[in-house]
Amino acid sequence: NISWSATQEELHELFAQFGEIEEAIIIIDKFSGRSKGFGFVTFPNAEDADKAIEALHEKEWKERDLVVNEARPPQPRD
């Protein structure tokens with residue numbers, strides 16, 4: 001639930017306060033070039049990731065309430 005105005009750099013800065021970040025990406029629609037409103041942040045340390053989830057889940061950032069959880073494998077489509 002990332003704001004469409006957020007940049008990858010801002011996302012990185014937000015999560016970096018909880019530890020070292022390997023990667024912070026916002027998923028972009030390949031046709032429109034606009035944000036899809038979600039992204040992924042990779043932490044090398046699981047404890048830092050857990051701290052970020054606890055601190056940021058359902059917190060407001062850039063006028064939207066974030067949904068922060070551990071990534072799950074994609075589900076097969078029918």
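This is a short chat about a predicted protein model.

User: Hi! What should I know before I look at this structure?

Analyst: It's a predicted model, where local features need pLDDT of at least 70 and side-chain atom pairs count only at pLDDT 80 or more, while totals for chains, interfaces and linings use all residues. Residues are numbered from 1 along each chain as its sequence is written, and side-chain values use heavy atoms, with hydrogens and water left out.

User: Which way do β1 and β2 pair?

Analyst: Strand β1 (residues 23-28) pairs with β2 in the antiparallel sense, over five bridges. To count as a pair, two strands need at least two bridges found by DSSP. I28 has S35 in β2 as its bridge partner, and A24 has V41 in β2. The two strands form a hairpin with six residues between them, and G33 in the turn has a positive phi of about 80 degrees.

User: New topic: how many salt bridges are there?

Analyst: The count comes to two. A salt bridge here is a side-chain nitrogen of Lys or Arg within 4 Å of a carboxyl oxygen of Asp or Glu. One joins the side chains of E10 and K62, at 3.4 Å from N to O. E10 lies in helix α1 and K62 in the loop between β3 (60-61) and β4 (64-65), so this pair ties together parts 52 residues apart in sequence.

User: What about D48, which residue is its partner?

Analyst: D48 forms a salt bridge with K51, with the closest N and O atoms 3.3 Å apart. Both lie in helix α2, three residues apart, about one turn of the helix.

User: Is D48 buried or exposed?

Analyst: D48 counts as buried, at 14% relative accessibility, whereas K51 is partly exposed at 45%. Buried means under 20% relative accessible area, exposed over 50%, and partly exposed in between (1.4 Å probe, protein chains only). Of the 78 residues in the protein chain, 26% are buried.

User: Last one: how much space lies in the largest pocket?

Analyst: About 690 Å³. Its lining has 24 residues, and the closest to the centre are G39, F40, N69, E70 and A71. A pocket is an open set of points on a 1 Å grid over the protein atoms alone, where a 1.4 Å probe fits, with protein on both sides within 12 Å along at least five of seven lines; lining residues have an atom within 4 Å of a point. The volume is the space filled by probe spheres set on the points, which are joined across faces, edges and corners.

User: Which element gives the most to the lining?

Analyst: That's β2, with five residues.

Definitions and conventions: Helices (H or I, at least four residues) and strands (E, at least two) are DSSP runs, numbered from the N terminus.
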